[in-house]
Amino acid sequence: MKFALPARLLRALAAVGCSAGLLASCGGGTSHYDKFVPSRLIVFGDEYSALTDPKSSGNSANYAMNALDSSDTTNATLLCSDSSRYIWVQRLASYYGLTFKECNPNNLSSSKLNALMQAQYGATERAVEAQISAFQGDIGHDALGSNDLVTVWVGMNDVIEIYKDSVTYSSTADKTTEAEARGEALGRLINSITDTGARVLVAQVFEMGSTPWAKAQGSSEAKLMTSISDAFNQGLRTTLLNDGSKIGLLTFNDAVANLVQYGNYETTEAACDDAHVADIDNASADSNGYLDGSASLPACTSATVPNDNAAKKDLWVDGIHLNSYIAHSTLGNLAISRATSNPF
């Protein structure tokens, strides 16, 4: 004798099967979750994400201390493919098997260079808006689409610009209000990118008050820079349409804070010598939204530090830039973890 299960119980069992991912298809779908694997990585932002290749040699420099080719005893040849000196977006690209034109040691053809570097030294939020607009209008490549992973990390130079401009922003309230507005503008920009179908990893600004440059200004000034940083992040977080499936918010601010407080690294000195650092004190934003700095920073290598211990133990390569050996490996792993987590 056969008994029919009540319809309500059948529906309940079907729901359990779908939520647990036990059925190959539920409600007409082919699967509960399809892992996102990008065919391109597009990088927007400032020098914390940038590779520079002025000679188009495919062996670019970064702004976070560069590795050297040990076969050249004159220490004159960079080795951008040394994974111990990758910046965070290189680690992310490597995970997906994608290659930047700026670091192409195997001389891959242009059709196989699917990690596209748009980030530039000194960029503020305003400059990133222009970067994205220029990318979308460039007929030399496809516009952003559903197979793309986009990274955006910007705001550090906004904090510096706002902090230094006491004419336009004369009070602490003026400075934090401006920073929050720029964070909101970045949030709206990120939201608009998702309209193309692309997934976005956007990183929060770390506390600029924790940098050696900020600390050298005095404790009250460092505290002010941290307040400006926090305001930028507040504006970003409250504006993002972050449902987890299109936008991944990277808590780089927390990661850097943990390295500063608990990482057992040198946090007050800079690894690179004075001849190979950015000139933050004299930097100012141009009409395109870029802070001018020093062209000498990409010449910072493991040979321009006092000793190997400094290259591996100093958290900062200069007054504001993070060491590739320490910080960027942490940030890269954080980005990979977020990019590969369900449902992104």
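This is a predicted model: local features need pLDDT of at least 70, side-chain atom pairs count only at pLDDT 80 or more; totals for chains, interfaces and linings use all residues.
**Disulfides, salt bridges and a charged patch**

Q: How many disulfides does the structure hold, and which residue is joined to C80?
A: The structure holds two disulfides. In one of them, C80 is joined to C103, with an S to S distance of 2.1 Å. C80 lies in the loop between β3 (61–62) and α2 (88–95), and C103 in the loop between α2 and β4 (115–117), so the bond ties together parts 23 residues apart in sequence. C103 is also buried, with a relative accessible area of 8%. The link of C80 and C103 is right-handed, with 95° about the S-S bond.

Q: What is the handedness of the disulfide of C272 and C300?
A: The torsion about the S-S bond of C272 and C300 is about -45°, so this disulfide is left-handed. The S to S distance between C272 and C300 is 1.6 Å. Both cysteines lie in the loop between β8 and α9, so the pair ties together parts 28 residues apart in sequence. C272 is buried at 5% relative accessible area, and C300 is buried at 0%.

Q: With which residue does R40 form a salt bridge?
A: Side chains of opposite charge can pair when their charged atoms come close. The structure holds four salt bridges. In one of these, R40 pairs with D148, the closest N and O atoms being 2.8 Å apart. R40 belongs to strand β1 (residues 40–45) and D148 to strand β5 (residues 148–153), so the pair connects parts 108 residues apart in sequence. R40 is buried at 10% relative accessible area, and D148 is buried at 3%.

Q: Which residues are linked in a network of salt bridges?
A: The network comprises D158, E161, E178 and R182. R182 meets E161 at 2.8 Å, N to O; R182 lies in helix α5 (residues 172–194) and E161 in helix α4 (residues 156–164), 21 residues apart. R182 also forms a salt bridge with E178, the closest N and O atoms being 2.8 Å apart. R182 and E178 are four residues apart in helix α5, which means a separation of about one helical turn. R182 is buried at 9% relative accessible area, whereas E178 is partly exposed at 22%.

Q: Which residues gather in a patch of negative charge on the surface?
A: D279, D281, D286 and D292 form this patch. D292 lies in the loop between β8 (266–270) and α9 (308–313) and is partly exposed, with a relative accessible area of 42%.

Key: Residues are numbered from 1 along each chain as its sequence is written. Side-chain values use heavy atoms; hydrogens and water are left out. Patches are made of residues with over 30% relative accessible area and no salt bridge: like charges are joined within 9 Å, nonpolar side chains (Val, Leu, Ile, Met, Phe, Trp, Tyr) within 5 Å. Accessible areas come from the Shrake-Rupley method with a 1.4 Å probe; for residues, only the protein chains shown count as cover. A salt bridge is a side-chain nitrogen of Lys or Arg within 4 Å of a carboxyl oxygen of Asp or Glu. Lys and Arg count as positive and Asp and Glu as negative; His and the chain ends are not counted. The place of a charge is taken as NZ of Lys, CZ of Arg, CG of Asp or CD of Glu. Helices (H or I, at least four residues) and strands (E, at least two) are DSSP runs, numbered from the N terminus. Buried means under 20% relative accessible area, exposed over 50%, partly exposed in between (1.4 Å probe, protein chains only). A disulfide is a pair of cysteine sulfur atoms within 2.5 Å.
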